[in-house]
Amino acid sequence: MKFQLETYHRNVSNEDLIQDVRHVSKQSGKHTVTIAEYEQLGKYHPSTLQRRFRSWFNVLQVAGLQDSRSRLNISEEELFDNIKDVWIALERQPKYSEFKLPLSKYSAGTYENRFGSWRKALEAFVNYINSDNPKEAQSKDSIQSKSREVSGNNAKKKTKRGLSERLRFAILLRDGFRCQSCGKSPLKSPGIELHVDHIIPWSQGGETVAENLQTKCKKCNLGKGNAFLK
């Protein structure tokens, strides 16, 4: 086995980087290059160019190529949902370098182009999520006490049964992406599916509010039925 260092690309000139993108374009016979195509055929890593030119759109523009997709056809909600999915998969705040296939649908450069910087993109995402952010969960004793005040199905509901994706993410984040019954998480136990469910069941008067929601794995949640606080 031969030990050797990988090629160091930090000092490669902008012109050399752009020429390599043009070379990949000629190879593919298209007037554009996607990040996935460049990662497969290019000499350098796409993130090297994205950091140097701030976004893949800028790379293509400097190279005189067409955009690989419209800058306008991705909604902010789609971009935020992608951050949410990556955050859930990693069970922590994602890093710039982690926003690439297959983990992320969009590159970090896409977010830089839309929001001005990677940090601003994360700040915008946090503001989006927190617009439906739960308050601190109350104790189970408090929830039990409230349940005694509820008159079953006749209670007038203040909230809908279903919860938004933003609220679901916020509960998962609050609970550390772990089942609150068995403690399992998808990161440590592959195949685990997490649900966010009512502590006091909806059928027994429970509301869709943060203090009445908790993270459960599929097995624990399906075994709960209409019981609660177990």
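Predicted model: local features only at pLDDT ≥ 70, side-chain atom pairs only at ≥ 80, totals over all residues.

Trainee: How many helices and strands does the protein have?

Mentor: The secondary structure comprises 10 helices and 2 strands. Along the sequence, the elements follow the pattern α-α-α-α-α-α-α-α-α-β-β-α.

Trainee: And what share of the residues counts as buried?

Mentor: Of the 230 residues of the protein, 38% count as buried. As for contacts between residues at least 6 apart in sequence, 62% of them join residues at least 24 apart.

Trainee: Let us take helix 6. How many of its residues are buried?

Mentor: In helix 6, 6 of its 8 residues are buried, and the helix is mostly covered. The buried residues are A108, G109, T110, Y111, E112 and F115.

Trainee: What follows helix 6?

Mentor: Helix 6 is followed by G116, which has a positive phi, near 100°.

Trainee: How is the packing of two helices described?

Mentor: Two packed helices are described by the angle between their axes and by the distance between the axes.

Trainee: At what angle do helix 5 and helix 6 cross, then?

Mentor: The axes of helix 5 (residues 76-90) and helix 6 (residues 108-115) cross at roughly 140° and come within 12 Å. The two helices are therefore oblique to each other, and their crossing is left-handed.

Trainee: Which residues make that contact?

Mentor: Helix 5 contributes E76, L79, F80, N82 and I83, while helix 6 contributes T110, Y111, R114 and F115. By class, this contact of helix 5 with helix 6 has 5 nonpolar, 2 polar and 2 charged residues.

Trainee: What about helix 5 and helix 7: at what angle do their axes cross?

Mentor: The axes of helix 5 and helix 7 cross at roughly 90° and come within 10 Å. Helix 5 and helix 7 are therefore roughly perpendicular to each other. From helix 5, the contact uses E77, F80, D81, I83, K84 and W87; from helix 7, it uses A121, L122, A124, F125 and Y128.

Trainee: And how do the residues of that contact divide by class?

Mentor: The contact of helix 5 with helix 7 has 8 nonpolar residues, no polar ones and 3 charged ones.

Trainee: Changing topic, where does E91 lie?

Mentor: E91 is in the loop between helix 5 and helix 6.

Trainee: Is E91 buried or exposed?

Mentor: E91 counts as buried, because its relative accessibility is 15% and the cut-off for buried is under 20%.

Trainee: Which residues does E91 touch?

Mentor: Leaving aside residues up to four places away in sequence, E91 touches G176, F177, R178, S185, P186 and L187.

Trainee: What does the side chain of R52 reach?

Mentor: The side chain of R52 reaches the backbone oxygen of V12 at 2.8 Å.

Note on methods: Residues numbered from 1 in each chain as written. Heavy atoms only, no water. Polar contact = N/O pair within 3.5 Å; in protein donor to acceptor, adjacent residues only side chain to side chain. Axes fitted to C-alpha atoms, helices over the stretch in contact; angles between N-to-C directions. Helix = DSSP H or I, 4+ residues; strand = E, 2+ residues; numbered from the N terminus. Parallel < 35°, antiparallel > 145°, perpendicular 65-115°, else oblique. Left-handed = near helix turned anticlockwise from the far one by under 90°. Contact = heavy atoms within 4.5 Å. Nonpolar A, V, L, I, M, F, W, Y, C, P; charged D, E, K, R; others polar. Buried < 20%, exposed > 50% of the residue type's maximum accessible area, 1.4 Å probe, protein only.
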